[in-house]
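Subject: Structure handover

Hello,

Here is the structure we talked about. Please have it open while you read; my notes follow below.

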Amino acid sequence: MTLAFLNLSWPVFANGLEFGGIYALMAVGIGLVFGVLRLVNFAYGQLIMAGGFALAYGSQWNFPNWASILFCFGVVLGLSLVMDRLVFRPLRTHSPAVMLVATFAVAFVLQNIAQLSFGTFGKSAGALAFLNSPWDLGGVEVKKIAVIAVVTAAVCLVALQLLLTRTSLGLHMRAASMDFRTAQLLGVRANRVIAGAVIISAVFAAIAAVMLSVEQLQVTSTFGLSDTIFVLAGVVLGGLNRPIPATLGGFSIGFATGILGGALPSSQSQYLPSILFAAVIVVLLVRPNGLFTRGGGAVQRV
Amino acid sequence: MSAAPPALVLEELSVRYGAVDAVRGLSLEVDRGEIVGLIGPNGAGKSSTLHAIMGAAPVVGGDVRQDGRSLVGVRSEQVARNGIALVPEGRRIFGELTVEENLRLGLAARRTRVSGVAFDHAYELFPILHEFRRRQAGALSGGQQQQLAIARALAAEPDVLLLDEPSLGLAPKIVDVVFEALGRIRESGLAVLLVEQRAQRTVAFADRSYVLANGELRLTLAPQDAGDTDRLVAAYLS
């Protein structure tokens with residue numbers, strides 16, 4: 001180990017913010033579905049992978065960028081709704097363990113389908129690579145994608161917060177995530193609330209797919225997989241059930257990933273996951289309810 | 001012109017959880033503008049009856065009809081949207097939401113479009129809720145939370161109101177507030193089915209009361225029977 005990660009520079013810091021933003025979106029996407037379904041969706045990474053392949057096909061078919069992105073959104077949203085309809089809803093009343101195993105199964109099935117269809121090397125999604133070039137922000141050069149990721153994440157999370165606090169769908173979603181049974185007894189429509197969470201979660205997955213494809217131009221069957229694992233750790237770190245702790249948890253782990261990824265010499269980058277997960281374990285030993293939750297409650301819900 | 005069917009009719013209703021019979025062949029009626037009491041010892045099947053009406057307990061026999069239409073097999077959220085509101089046992093308010101947000105949740109089941117004055121009626125009935133409308137509901141006292149739970153149910157403008165032990169754990173003064181509010185709710189023409197532990201008070205207050213024991217109807221009492229503790233005790237112990 002070296003102390004290279006202390007050697008912070010602006011590009012590395014920007015890298016941290018970029019991954020912080022992307023992971024925060026993914027964390028909230030996972031957290032929203034967990035809130036209403038009590039389901040940790042391990043297949044979230046495969047949604048992102050599907051979005052990545054959609055982008056790859058978009059560039060192969062010479063779609064304009066906006067059309068590729070739209071196609072990516074369509075594929076992720078469609079796949080999410082199919083997953084919800086075929087797997088989550090029928091299993092909704094089963095135990096959390098059953099649902100958890102089911103999402104693992106879905107994840108493996110999708111990943112294997114991708115591997116069989118697109119091979120080990122996958123496909124190239126280079127259309128948005130130009131966003132890796134820098135912008136000059138007052139003498140500091142920052143990658144365009146870093147700025148875009150941070151701004152997009154902030155806008156999305158503020159919009160979500162407004163939806164949750166200002167609309168009746170948002171209120172119903174919050175109530176359902178606290179006490180689904182009572183919410184239903186009050187006339188809250190279960191399917192509408194679940195669909196709302198699944199759709200928002202899918203939109204965030206699609207956004208993450210677009211942004212990750214800038215960093216990782218080659219889309220393979222494991223596209224988004226390690227990111228999802230990091231985010232799951234981050235969500236647990238922050239607190240699973242509420243948007244704000246989930247956001248902060250996702251952001252923290254993303255920021256740490258970005259900083260470490262940028263600062264570690266490439267010969268040592270394989271240590272990145274170990275360092276992160278060691279940190280997660282330490283944090284959870286000290287604060288089992290998560291870093292950003294108050295009081296109890298978070299643990300018993302898992 | 002034929003008379004309209006009663007607002008709520010249970011006909012030979014049976015509820016079973018696994019091998020346990022919670023309610024056996026229960027028949028009763030609640031009409032508009034009346035309060036019907038359902039009393040009995042713990043485990044008599046009172047809550048199960050309310051849950052069965054709400055589509056939240058397994059009905060294995062008999063029928064539940066609202067205005068003549070069967071509710072058996074209808075999902076809870078739809079029962080609520082048909083105009084039956086439940087004030088659940090233990091109040092079940094959302095402690096992390098504000099008082100007003102809890103009331104807004106009550107609007108989920110409202111059948112007419114919501115106007116600006118949605119909660120005036122609730123605030124008139126329970127002025128304390130207006131005062132605390134921006135507070136987190138979890139910070140309210142038990143009595144205030146009970147008032148909120150009733151107000152939330154009323155926000156849906158239901159035709160039938162089901163209450164599951166609304167006086168449980170409340171100070172006597174607050175129990176008075178709750179019963180007084182129920183009296184005004186009766187005057188507004190709702191059909192009220194009141195499950196209670198306070199047997200004597202309920203018998204005196206309700207238009208008629210049914211005593212349930214071991215899932216079966218044991219006795220029907222009128223308000224003037226409230227003093228007849230012997231019959232009540234006998235029915236409880238039977």
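How many residues does α5(A) have, and how far does it reach from its first C-alpha to its last? The helix has 23 residues and spans 32 Å, close to the 33 Å expected at 1.5 Å a residue. Before going further, please keep in mind that this is a predicted model.

**Helix α5 of chain A**

α5(A) covers residues 144–166. Its buried residues are A:Ile145, A:Ala146, A:Ala149, A:Ala153, A:Leu157, A:Leu160 and A:Leu164. What covers them includes α1 (10–37), β3 (140–143), α6 (168–178), α8 and α10 (243–263) of chain A.

The pairing with α8 (residues 190–215) of chain A is worth a look. The two helices pack at an angle of about 175°, and their axes lie 11 Å apart. That angle makes α5(A) roughly antiparallel to α8(A). On the α5(A) side, the contact is made by A:Ile145, A:Ala149, A:Thr152, A:Cys156 and A:Leu160. On the α8(A) side, it is made by A:Ile200, A:Phe204, A:Ile207, A:Met211 and A:Val214. By class, nine of these residues are nonpolar, one is polar and none is charged.

α8(A) also holds A:Asn191. Is A:Asn191 buried or exposed? It counts as exposed, with 12 C-beta neighbours inside 10 Å. A:Asn191 and A:Arg89 are 102 residues apart along the chain, yet their C-alpha atoms are separated by 8.6 Å.

**Helix α4 of chain A**

Helix α4 of chain A runs over residues 96–118. It has 23 residues. From first C-alpha to last it reaches 33 Å, close to the expected 33 Å at 1.5 Å a residue. Buried here are A:Met99, A:Ala102, A:Thr103, A:Val106, A:Ala107 and A:Ala114. These buried residues pack against α2 (44–60) and α3 (65–91) of chain A. Just after the helix, A:Gly119 takes a positive phi of about 75°.

**A:Ile253 in helix α10**

A:Ile253 sits in helix α10 of chain A. It is buried, with 31 other C-beta atoms within 10 Å. The cut-off for buried is 20 or more. Which residues does A:Ile253 touch, not counting those up to four places away in sequence? They are A:Tyr23, A:Phe230, A:Val231, A:Ala233, A:Gly234, A:Leu237 and A:Leu276. Take A:Leu276 from that list. A:Leu276 and A:Ile253 are 23 residues apart in sequence and 7.6 Å apart in space, C-alpha to C-alpha.

**Chain B overall**

Chain B has nine helices and ten strands. Along the principal axes, its C-alpha atoms fill a box of roughly 50 × 45 × 35 Å. Of the 238 residues, 44% count as buried. Among contacts in chain B with a separation of 6 or more, 69% join residues 24 or more positions apart.

**Where the chains meet**

Most residues other than glycine have a negative phi.

B:Glu12 has a positive phi of about 50° although it is not a glycine. B:Glu12 lies in strand β1 (residues 8–17) of chain B. With 11 C-beta neighbours inside 10 Å, it counts as exposed.

B:Asn214 also has a positive phi, near 50°, in a residue other than glycine. Where is B:Asn214 placed? It is in the loop between β9 (208–213) and β10 (216–221) of chain B. B:Asn214 counts as partly exposed, with 15 C-beta neighbours inside 10 Å.

Best wishes

Note on methods: Residues numbered from 1 in each chain as written. Chains lettered and ligands numbered in written order. Predicted model: local features only at pLDDT ≥ 70, side-chain atom pairs only at ≥ 80, totals over all residues. Axes fitted to C-alpha atoms, helices over the stretch in contact; angles between N-to-C directions. Helix = DSSP H or I, 4+ residues; strand = E, 2+ residues; numbered from the N terminus. Parallel < 35°, antiparallel > 145°, perpendicular 65-115°, else oblique. Contact = placed C-beta atoms within 7 Å. Nonpolar A, V, L, I, M, F, W, Y, C, P; charged D, E, K, R; others polar. Expected span 1.5 Å × (residues − 1).
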